[in-house]
Amino acid sequence: MVDFPIEAVRGKFPALSLSDKGRRRIYLDNPAGTQVPQAVADAVSRCLLTTNANLGGYFETTVAAQAVVDEAHQAMADFLGATSPEEIIIGANMTTLTYHMSRTLGRSLKPGDEIILTRMDHEGNVSPWLQLAEDLGLVVRWLPFDEESWQVEEATLAGLLSDKTRLVALNYASNLTGSINRVRSLTAIAKQAGALVYVDAVQFAPHGLIDVQDLGCDFLICSAYKFFGPHMGILWGRRDVIEGLKPYKCRCSSNGLPERFELGTPQIELMAGLTAAVDHFAGLGAAVGESGSRRQKIAKAFEVSIAYENPLAQRLIDGLSGISGLTIHGITDPKRLGDRVPTVSFTVDGIVPETIVRQMNAENIFLWSGHNYAWEIVHQLGIPAEQGVVRIGIAHYNTAAEIDETLESVHRVIAMLRQQRS
């Protein structure tokens, strides 16, 4: 096994060296958004300063701007395993793109058609479909997750499918429990029923290699700012599916792929940063010995990242598990570490999550409380939505020392809050 070059990786992220009044920062808010390498910021700045123009002209900056756009689509095709950059649709964010695609798909749906939504998804892959169903008179079937496996089970999905099922919306990994779904097998079951499959991979994308061809789904969406890039969303659509769709667009804008799905002037400077974020993974793969294609380097980067992140996740889980009255909502079995991403959420009996997080934030340990838009999860688990959970999320720039310091803080803060109650 190749050693993970943690110090070299950390050296690429300027934010990791910042302090506040002499106090270091520990970034464990990563499920909500990661820090960026210097190369990403440089790419955005360089684009704004040297290639700042709209598209479609013949002068130097507009030609250069088009190259930036083309490079971003190719980079994401490599990142996701797409067959062509024309399958890559780039937009404002995951939720906006999903709303847009849901309305486009709605043009072919009729009252009485059925869609399946899970109790495990982020609200960005729920509300667009719920509201579409309300608009069109569609029937919504709810797919719960199993509270022992923490995953969506194939048999449960199969029991909901019918000859009226038109779409199944799934998530790859939960932003609250961290659980990874078996998307390939779930997709195969849905496709047998003739349904389209729309996969939210926002939380999986920073932690594992995505291969859209192998998954067999029709759409897959992710967010660049969750994998060390700028704030934007990326939607992959299977070419034979998206070619037949009629999107909402301006009459005079391009009918080509993917332009007809990319509304308005593109975020060109952010696309420059997107390519740099993908190249961060490729650079990591190269640094640990992979000399093949960009896709092969990305695959190697994830191989070594998973091997590095998983022990950190287990270290965190083990440290939390020793606290009485604390419940981890997700997989804790070390033998099943491969079935989760390193996002760990918990509640403590009698203590509001926000009170824990406020104390730890004051120590410059950055993490979140609340439902984190995992609205259906907290309701299925009976967790008060107004309180939610404490969520700690690891990225491949975190260290064992940071996890240990965080655990020490959790123990101390909980003990302090309990003493205040007594």
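Q: How far apart are the end C-alpha atoms of α10?
A: First, the ground rules: this is a predicted model, with local features needing pLDDT of at least 70 and side-chain atom pairs counting only at pLDDT 80 or more, while totals for chains, interfaces and linings use all residues. Residues are numbered from 1 along each chain as its sequence is written, and side-chain values use heavy atoms, with hydrogens and water left out. Helices (H or I, at least four residues) and strands (E, at least two) are DSSP runs numbered from the N terminus, and the expected span of a helix is 1.5 Å times one less than its number of residues. For the 20 residues of α10 that should come to 28 Å, and the distance between the end C-alpha atoms agrees: 28 Å.

Q: How many of the 20 residues of α10 are buried?
A: Buried means under 20% relative accessible area, exposed means over 50%, and partly exposed is in between (1.4 Å probe, protein chains only). α10 is largely enclosed by the rest of the structure, because its buried residues number 15.

Q: How far apart are the end C-alpha atoms of α2?
A: This helix takes in residues 38–50, which makes 13 residues. At 1.5 Å a residue they should span 18 Å, and the end C-alpha distance agrees: 18 Å.

Q: What arc do the buried residues of α2 cover around the axis?
A: The buried residues in α2 are V40, A43, V44 and C47. They sit on the same side of α2, because the arc (taken from the directions from the helix axis to the C-beta atoms) is only 95°.

Q: What is the volume of the largest pocket?
A: The search uses a 1 Å grid over the protein atoms alone: a cavity is a set of points where a 1.4 Å probe fits but cannot get out, a pocket is an open set with protein on both sides within 12 Å along at least five of seven lines, and lining residues have an atom within 4 Å of a point. Points are joined across faces, edges and corners, and a volume is the space filled by probe spheres set on the points. For the largest pocket this gives about 670 Å³. Of its 30 lining residues, E259, E262, L263, G264 and P266 are the closest to the centre, and the volume again is about 670 Å³.

Q: Which element gives the largest share of the lining of the largest pocket?
A: At least two lining residues come from each of α3 (60–80), β4 (88–91) and α4 (94–106). By class, the lining has twelve nonpolar, twelve polar and six charged residues; Ala, Val, Leu, Ile, Met, Phe, Trp, Tyr, Cys and Pro count as nonpolar, Asp, Glu, Lys and Arg as charged, and the others, Gly among them, as polar. The largest share is four residues, and they come from α3.

Q: Which residues lie nearest the centre of the second largest pocket?
A: This pocket has a volume of about 350 Å³, and its lining has nine nonpolar, nine polar and four charged residues. Of the 22 lining residues, those nearest the centre are H122, N175, Y225, K226 and Y373.

Q: What is the volume of the largest cavity?
A: The whole structure has one cavity of 30 Å³ or more. Its lining residues include N30, Q203, K226 and F228. The space in the largest cavity is about 60 Å³.

Q: What is the relative accessible area of Y198?
A: Y198 sits in strand β8 (residues 196–200). Its contacts, leaving out residues up to four places away in sequence, include L97, M101, W129 and F219. Y198 is buried, and its relative accessible area is 0%.

Q: Where is N372, whose phi is positive although it is not a glycine?
A: Most residues other than glycine have a negative phi. N372 has a phi of about 55° and is buried, with a relative accessible area of 12%. N372 is found in the loop between β14 (368–370) and α13 (375–381).

How values were computed: Contact = heavy atoms within 4.5 Å.
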